[in-house]
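Hi,

Here is the structure I promised to pass on. Have a look at it first, and then read on for what I found.

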Amino acid sequence: MDSGRFCLVLILSCLISGVVSQSILQILPENRISGDRKTLLRDDDIFCDSWRFSIETNDAGIWYNIPARCVKFVQNYMLGERYASDSDQVAEDSLTFANTIEITGDGKDAWIFDIDETLLSNLPYYEIHGFGSEVFDEKTFDEWVDLAEAPALPASLKLYNELQRLGFKLILLTGRAEFQRSATEKNLLLAGYGNWEKLILRGASDIGKTAEMYKSEKRKEEEEEGGYRIHGNSGDQWSDLLGFAMATRSFKLPNPMYYIP
Ligand SMILES: [Mg+2]
């Protein structure tokens, strides 16, 4: 090969190898990612775990139905160790924060608790109603509330008692209606809760308000009229925690069964 042809071959091979490596760089990772994503999406457990992440973080915003392929996943989550473990973690984080608060002793250092799926667990009801996958039926749920048989969520009961020991005043703020007051009080006491500062339920003037608006207004009243300093707020719905007059720290408990705006 003469030197001219050798140079031409060398230049051509450099160009070709550059094009090929660039193509590999551009195409291979994309193919690999999209291939993996497809594989992941075929796996219900991984898909449903990602779905759960998106609804718990509120990235998903308002959602209405558990994806059909995730109903079994939600059942396993709620009945298995993970729900209890996640709830324990939330309670532990809450207590770590609570321990940083200096209780003044004037009786105005407050912590707010939601009730359903926060202090009390309606799991016995949802177990026979598809773990939230069925359309919500107010009549049968109200009948369940009347029984006053909902057990405590163990992690929340422990936190509740610890907060009282630290000197917090506990305000219970629930979406349940006034007519359910006595059944709710009875259930709370049977489940081991006691000595709450206040139990606030939806009254006639709260009908038609979103949970977020109703709960924000009640927190504001407690701050402005009650003089409470709301340090912490525990709830399983973002509507328990967001809005205005928010607590210094809000703690979201897990609930992949339903969403209340
Ligand atoms: Mg709740």
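Let's begin with helix α4, where Y83, S87, V90, A91, S94 and A98 are buried. Looking down the axis of α4, these buried residues fall within an arc of 95 degrees, so they line one face of the helix. Over on the other side of α4, you'll find E81, S85, E92 and T96 exposed. Keep in mind throughout that this is a predicted model.

What does that buried side of α4 pack against? The partners are α3 (71-79), α7, β4 and β5. As for length, α4 has 18 residues and runs 26 Å from its first C-alpha to its last, close to the 26 Å expected at 1.5 Å a residue.

Next, α7, which covers residues 154-166. With 13 residues at 1.5 Å each step, α7 should span 18 Å, and its end C-alpha atoms are 19 Å apart, which agrees. The buried residues in α7 are A155, S156, L159, Y160 and L163. Seen down the axis, they sit within an arc of 135 degrees, so here too the buried residues line one face of the helix. Their cover includes α4 (81-98), β1 (109-113), β2 (169-177) and β4 (229-235). Just after α7 comes G167, which takes a positive phi of about 110 degrees.

Is Y160 buried or exposed? It counts as buried because 27 other C-beta atoms lie within 10 Å, and the cut-off for buried is 20 or more. Leaving out residues up to four places away in sequence, Y160 touches F113, L119, L170 and Y193. Y193 is 33 residues from Y160 in sequence, yet the two are 7.8 Å apart in space, C-alpha to C-alpha.

Now the sheet. In what order do its five strands run? The order is β3-β2-β1-β4-β5, in an open sheet with parallel pairing. At the edges are β3 (198-202) and β5 (249-252), each pairing on one side only. On average, neighbouring strands of this sheet are turned by 20 degrees against each other, ignoring direction. In the parallel pairing of β1 with β4 there are five bridges. F113, one of the residues that Y160 touches, stands opposite S234 in β4.

Cheers

Methods: Residues numbered from 1 in each chain as written. Predicted model: local features only at pLDDT ≥ 70, side-chain atom pairs only at ≥ 80, totals over all residues. Helix = DSSP H or I, 4+ residues; strand = E, 2+ residues; numbered from the N terminus. Expected span 1.5 Å × (residues − 1). Buried ≥ 20, exposed ≤ 12 C-beta atoms within 10 Å, placed from the backbone. Arc of directions from axis to C-beta. Contact = placed C-beta atoms within 7 Å. Pairing = 2+ DSSP bridges. Axes fitted to C-alpha atoms, helices over the stretch in contact; angles between N-to-C directions.
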